[in-house]
Amino acid sequence: MPRLLRILAWRLLQAVPIIVGIAVFNFLLLHLAPGDAADVLAGEAGGATPEYIAELRARFGLDQPLPVQLGRYLANVATLDLGWSFRHQKSVTELIATRLPATLLLMLAAVATAFTLGVVAGVTAARFLRRWPDSLISVLALLAYATPIFWVGLMLILLFSVQLGWLPSGGIETVGADLAGLDRIVDIARHMVLPTLTLALFFLALYARLMRASMLEVYGQDFVTTARAKGLTERRVAYRHVLRNALLPMVTMLGLQIGSLLGGSVLVETVFGWPGLGRLAFEAVFQRDHNLLLGILLLSSLLVVIANVVVDLVYARLDPRIEVA
Amino acid sequence: MKAFVGRFARNRAALVGVAILLAVVAMALSAPWIYPGDPWDMVTEPFLAPGTNAEFRFGSDMMGRDLGAGIFHGARVSLVIGGVATAVAVLVGVTIGAVAGYHGGRIDRALMGLTELFQTIPAFLFAIVLVAIFQPSVRTIVLSIAAVSWPPVARLVRGEFLSLRSREFVQACIAMGMGDLRIIVLHCLPNAFAPIIVTGSLMVATAILTEAGLSFLGLGDPNVMSWGTIIGAGREALRTAWYVATLPGIAILLTVLALNLVGEGLNDALNPRLRNR
């Protein structure tokens, strides 16, 4: 079997117990929540007879012993059936599927921004170690690292939407504008600028600091001395020799951050009214729609598992020394 | 110890952090004297800009509540929730990490599987779900933040214990017939103290940010005034009264910054060889 395929198979195998564990955990949380689906439906209808509630429970299988319910839940999850949202009168999977693209778009844009700018900032800081560009980047990174993400969003709205009027303050596109083709893409891109920057800022700071440390680590290795001895310019040494090797740890970091990126997007989507998964989670909290909320949590955890497998593959592709452990 | 204090005191950034942190602690402690009333009380006219009224120097929000009272009382909430949540998380993480690292084998695999499980679930989303299910209160918020932040401590402590277990002084303890608990608490734990302290101080910062995020979303304890709650409410009036959402945000920023500076200062002082990184 080719090496990458072998690594993929091994990682998928390792992911199975984690996924099952997360599903069991979700099931337990769902049952710890006060009030089940039958109570919610009965409350919705403004009260119901105990007989009716019992009938509802029987219909949803809520009267079965817990292990039986767990088995059914796991079988459903395996077929990506995450239950029914009584608030939206839609299946949870369908609701998530309609909201997921907006979140993925925002996350990808934020990761790309944070990664690119973070690498540039980290390389610059390492090249000008303990001179003013390094100090400036370090101070900015410290500040960005400590700023609450939702507050950054509000401040950006205050500056760029309220004061300057340059960019829209919320939504994914202009409502009722009915744009098509390129105009629509430009419109969505304009709406994306502020949410993307907000979500990216924290990770930008993180990547800048990591990249700086990683660069300094590689600068100390022998091959860098060799490259310098060959008479290469400092610039070429930094970008062609050190940067390439310093990028490896950053790839791992990308995978580790997917979870906090998803958490951050709940806040960013709430601030900017972005119609994604995070906003859906926020709505589910206040509609007391536990089925939907836990479905989102389960799917987000799955996303993290998938992202980690992908990152491991990329890492193995970049570093031929990696083998199945 | 003396060398450690000396190294820490030479780090100017860390001292700035300590100074800011002391100021925030002073705000939290003095809140009941400077602002004796309930910070939720409407005490003046709404939308008072900061600096326009000598009695309400920080201005007021859209309900005429004193922003100064909110910020001072909010300092208490942030510090208490951040501190207690971190203490609980460190306790859980140290216990799990110590048992896993000390015993190894099957126990280690089971506990690390659990840790990986908790680390896979997106932390902030997980905290939201826990608070939403168990109803927002100071207690549930503290426990939820602790539930999502213990895994890194467990991994750290496990790593330390794995290497400590094979050291001679631990082997000597085992040979003497000393009990596991005694070896773990009295002999291994003190040697793993430095990294735990550093991680803990950085975790308080994260916990404060998490609490602010939760209360911004409306998942704060409805009985206490938190910085995130004020920002969440001030968001509705961003166009007319920018200062309502802005001032508590600066308070969070400074507090978290101070904790990060102190944490990094501790790290440098405890690992002098890494100083130049």
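Predicted model: local features only at pLDDT ≥ 70, side-chain atom pairs only at ≥ 80, totals over all residues.
Colleague: What makes up chain B, helices or strands?
Modeller: Helices. Chain B has 12 helices and zero strands. From the N terminus on, the elements run α-α-α-α-α-α-α-α-α-α-α-α. The C-alpha atoms of chain B fill a box of roughly 75 × 45 × 30 Å along the principal axes.

Colleague: How many of the residues of chain B count as buried?
Modeller: 48% of the 277 residues. A residue is put in that class if 20 or more other C-beta atoms lie within 10 Å of its own.

Colleague: Among contacts in chain B between residues at least 6 apart in sequence, what share joins residues at least 24 apart?
Modeller: That share is 70%.

Colleague: Why is helix 11 of chain B called mostly covered?
Modeller: Helix 11 spans residues 227-234 of chain B, and seven of its eight residues are buried. They are B:Trp227, B:Gly228, B:Thr229, B:Ile230, B:Ile231, B:Gly232 and B:Gly234.

Colleague: What do the buried residues of helix 11 of chain B pack against?
Modeller: Elements of both chains. From chain A there is helix 7 (149-163). From chain B there are helix 3 (67-103), helix 10 (193-216) and helix 12 (242-270).

Colleague: Now chain A. At what angle do the axes of helix 11 and helix 12 of chain A cross?
Modeller: The axes of helix 11 (residues 277-286) and helix 12 (residues 290-318) of chain A cross at roughly 150° and come within 8 Å.

Colleague: Why is helix 11 of chain A called roughly antiparallel to helix 12 of chain A?
Modeller: Angles over 145 degrees count as roughly antiparallel. The crossing is at roughly 150°, so helix 11 of chain A is roughly antiparallel to helix 12 of chain A. The crossing of these two helices is left-handed.

Colleague: Which residues of helix 11 and helix 12 of chain A meet?
Modeller: A:Leu277, A:Leu280, A:Ala281, A:Ala284 and A:Val285 in helix 11 meet A:Leu292, A:Leu293 and A:Ile296 in helix 12. By class, the residues of this contact are eight nonpolar, no polar and no charged. Leu, Ala, Val and Ile each count as nonpolar.

Colleague: How many residues does each chain bring to the contact of chain A with chain B?
Modeller: Chain A brings 40 residues and chain B brings 33 residues. Helix 12 of chain A gives the most to the side of chain A that touches chain B, with eight residues.

Colleague: What classes make up the side of chain A that touches chain B?
Modeller: That side has 31 nonpolar, nine polar and no charged residues.

Notes. Residues numbered from 1 in each chain as written. Chains lettered and ligands numbered in written order. Helix = DSSP H or I, 4+ residues; strand = E, 2+ residues; numbered from the N terminus. Buried ≥ 20, exposed ≤ 12 C-beta atoms within 10 Å, placed from the backbone. Contact = placed C-beta atoms within 7 Å. Axes fitted to C-alpha atoms, helices over the stretch in contact; angles between N-to-C directions. Parallel < 35°, antiparallel > 145°, perpendicular 65-115°, else oblique. Left-handed = near helix turned anticlockwise from the far one by under 90°.
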